[in-house]
Amino acid sequence: MNTSSSYSPIHVIGGGLAGSEAAWQIAEAGIPVILHEMRGVRGTDAHKTDGLAELVCSNSFRSDDATSNAVGVLHAEMRLAGSLIMQSADRHQVPAGGALAVDRDGFSQAVSAAIENHPLITVVREELRGLPPKEWDLAIMATGPLTAPDLAEAIRQETGADALAFFDAIAPIVYADTIDMNVCWYQSRYDKVGPGGTGKDYINCPLTEEQYNAFVDALIAGDKTGFKEWEGTPYFDGCLPIEVMAERGRETLRHGPMKPMGLTNAHNPSVKPYAVVQLRQDNALGTLYNMVGFQTKLKYGAQGEVFRMIPGLENAEFARLGGLHRNTYINSPTLLDKSLTLKSRPGLRFAGQITGCEGYVESASIGLLAGRFAAAERKGEAPSLPPVTTAFGALLNHITGGHIVSEDEPGKRSFQPMNINFGLFPPLEPGALTKPDGAKRFRGKEKALAKKQAMASRALSDCAGWLGKPA
């Protein structure tokens with residue numbers, strides 16, 4: 001740490017994406033940071049290393065389209081704000097069609113190196129079993145979905161509200177050289193080219209109707225991990241286990257992760273696959289591919305049997321099988337103010353997935369905001385809140401009170417984790433959407449796309465203004 005700084009340090013608890021981003025933003029504002037991370041002293045059920053910002057569920061940051069996709073807009077806003085997470089992701093991207101996917105190890109190593117080499121950041125490897133002591137006047141809790149039980153209990157006691165827990169499922173990873181490319185083929189959906197990609201960034205496994213039905217039957221019948229003590233746990237719809245989706249209806253998978261639209265079998269172009277399983281590159285070398293959307297709670301033995309029913313994966317070898325990890329989040333709209341400060345304890349902020357946002361990028365973005373807010377407070381300034389028209393502001397508004405509370409059923413269960421989406425943005429101003437010159441009709445898909453583009457443009461312009469940068 002740079003001891004010549006005139007400011008007292010801000011403490012950040014948790015070295016995941018949110019905590020790393022928060023620490024970076026604080027340090028870049030000229031404030032010393034002490035980053036506390038328990039991995040290295042105590043592991044978790046899902047993490048494999050003690051590296052900062054280790055990716056667990058997927059290697060994808062999802063769409064990088066800043067013109068008409070809310071996630072892409074959030075990417076762009078984070079880049080404008082000098083995000084360490086986005087800098088590291090951009091440097092370690094791997095081909096993934098229209099998505100931004102990264103090499104897991106390279107990404108984590110880059111974040112770790114940047115944090116550990118920053119002169120104003122000190123990393124302390126220790127497990128915090130209770131809330132930060134009062135003498136840490138400014139602190140950020142960014143312990144994520146795998147908050148240790150003792151700390152979770154301390155949070156519950158402070159807030160007077162139970163944390164909600166559910167389970168995110170982890171998708172299997174396959175060794176690329178065990179995939180039968182005489183059956184499978186490379187293609188991105190609709191041949192869409194993404195950052196660092198070619199339009200052929202996924203491996204596609206085709207299924208006939210008979211094969212699909214047999215696969216669904218096997219999924220439903222497969223031996224699953226029993227969680228009697230966790231019965232009634234809600235799954236977040238964006239990360240449902242594949243077998244839970246199958247149980248919701250025979251055609252559910254064909255309209256979800258196994259949809260065949262936009263794909264043509266290179267080995268048999270005249271026959272449309274009934275369903276398709278896609279695998280996405282998982283590391284820079286291209287030796288590992290993860291099964292897109294195939295999060296699962298099947299037992300390991302069942303996974304090998306069921307997933308090898310997929311054409312092209314009959315001889316697949318798995319670098320990692322699927323699994324589950326706990327996710328805990330607080331009732332943020334009730335407990336936090338607009339700058340993410342715990343109402344019952346001034347100076348203590350929460351950031352990342354524990355606040356009830358969902359997704360890597362969303363988690364990091366809330367860490368970014370918490371870091372900026374804390375740095376401003378340390379300098380004696382009022383935190384500058386992002387406009388609600390931005391992706392930053394839309395997500396922050398959801399976390400701190402953007403949901404609907406039922407008077408008949410009050411309480412935290414009305415608040416659920418959310419990915420960034422245009423539904424969180426305020427409507428466009430009247431007259432903001434006009435029919436393009438020469439267009440004979442302006443409705444349906446054309447109008448929906450224009451609306452997204454207008455919201456994206458407004459968001460980036462307003463974000464640049466908030467940051468004091470040119471649009």
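**Cores and an open sheet**

In this predicted model, the largest nonpolar core takes in 85 residues, and Phe 61, Phe 107 and Ile 420 are the ones with the most contacts inside it. Helix α10 hands over the largest share of this core, at 10 residues. There is also a second, separate core, this one of 33 residues, with Val 174, Leu 240, Leu 279 and Ile 310 included in it.

Back in the largest core, Ile 420 is worth a stop, as one of the residues with the most contacts there. Leaving aside residues up to four places away in sequence, Ile 420 touches Ala 70, Val 71, Leu 74, Ala 391, Ala 394, Leu 395 and Phe 425, along with Arg 62 and Glu 362.

Then there is the sheet. Five strands make up an open sheet, lined up as β6-β2-β1-β7-β16, and the pairing is parallel. The edges belong to β6 (121-125) and β16 (348-350), each of which pairs on one side only. Going from one strand to the next, the twist averages 20°.

At the β6 end of that order, β2 (residues 33-37) and β6 pair in the parallel sense over 5 bridges. Within this pairing, Ile 34 stands opposite Thr 122 of β6.

Helix α10 turns up again here. Spanning residues 360-378, helix α10 lies across β1 (10-13), β7 (139-141) and β16, and runs at about 165° to β16.

How values were computed: Residues are numbered from 1 along each chain as its sequence is written. This is a predicted model: local features need pLDDT of at least 70, side-chain atom pairs count only at pLDDT 80 or more; totals for chains, interfaces and linings use all residues. Side-chain values use heavy atoms; hydrogens and water are left out. Two strands pair if DSSP finds at least two bridges between them. Helices (H or I, at least four residues) and strands (E, at least two) are DSSP runs, numbered from the N terminus. Axes are lines fitted to C-alpha atoms, for helices over the stretch in contact, and angles run from 0 to 180 degrees between N-to-C directions. Contact means heavy atoms within 4.5 Å. A nonpolar core is a set of buried Ala, Val, Leu, Ile, Met, Phe, Trp, Tyr and Cys residues joined through side-chain atoms within 4.5 Å. Buried means under 20% relative accessible area, exposed over 50%, partly exposed in between (1.4 Å probe, protein chains only).
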